[in-house]
Amino acid sequence: MSDKLVRAFDTLTNAPKESGGSSLPGQSGISERLNACRVVVEFVCGEENKKNKDFQKFFAVSISALLRAHDDVDSSVRILAQECLNTIVKVLILVLFIYFT
């Protein structure tokens, strides 16, 4: 797993939440959280990453991180997280369709 993906997971994990109220010092900026969502979806949808023996673990963590991003303070992060999840679902449906036909 690349350092870029680890940073993306950390960024999305430490993002301020609506339920948390205020943002704490040292938390990620909006653009960092948006980029983290993009990195996660690129990893999950990338062909070369699906051959990784630990892909299932990374996939689970990726989905979890995007679901956490749905609770973000900023609406643009929430919208992008939803779009990223939609993209992942579409790619998985296509892969399953190709696999079973």
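In this predicted model, helix α2 and helix α4 cross with left-handed geometry. Helix α2 spans residues 30-45 and helix α4 spans residues 55-69; their axes come within 10 Å and cross at roughly 150°. Angles over 145 degrees count as roughly antiparallel, and α2 and α4 are therefore roughly antiparallel to each other.

On the α2 side, the contact is made by Cys37, Val40, Phe43 and Val44. These residues meet Phe55, Phe58, Phe59, Ser62, Leu66 and Ala69 in α4. By class, the residues of the contact of α2 with α4 divide into 9 nonpolar, 1 polar and no charged.

The second topic is the cysteines. A disulfide is a covalent bond between the sulfur atoms of two cysteines. Here a pair of cysteine sulfur atoms has to lie within 2.5 Å to qualify, and by this rule the count comes to 0 disulfides. For Cys45, the nearest cysteine sulfur is that of Cys84, 8.6 Å away. For Cys84, the nearest cysteine sulfur is that of Cys37, 5.1 Å away. Cys45 and Cys84 are each in no disulfide.

| Cysteine | Nearest cysteine sulfur | Distance |
|---|---|---|
| Cys45 | Cys84 | 8.6 Å |
| Cys84 | Cys37 | 5.1 Å |

Cys84 has a relative accessible area of 5%; buried means under 20%, so Cys84 is buried.

Terms used
Residues are numbered from 1 along each chain as its sequence is written. This is a predicted model: local features need pLDDT of at least 70, side-chain atom pairs count only at pLDDT 80 or more; totals for chains, interfaces and linings use all residues. Side-chain values use heavy atoms; hydrogens and water are left out. Buried means under 20% relative accessible area, exposed over 50%, partly exposed in between (1.4 Å probe, protein chains only). Axes are lines fitted to C-alpha atoms, for helices over the stretch in contact, and angles run from 0 to 180 degrees between N-to-C directions. Helices (H or I, at least four residues) and strands (E, at least two) are DSSP runs, numbered from the N terminus. Angles under 35 degrees count as roughly parallel, over 145 as roughly antiparallel, 65 to 115 as roughly perpendicular and the rest as oblique. A crossing is left-handed if the near helix is turned anticlockwise from the far one by less than a right angle, and right-handed if clockwise. Contact means heavy atoms within 4.5 Å. Ala, Val, Leu, Ile, Met, Phe, Trp, Tyr, Cys and Pro count as nonpolar, Asp, Glu, Lys and Arg as charged, and the others, Gly among them, as polar.
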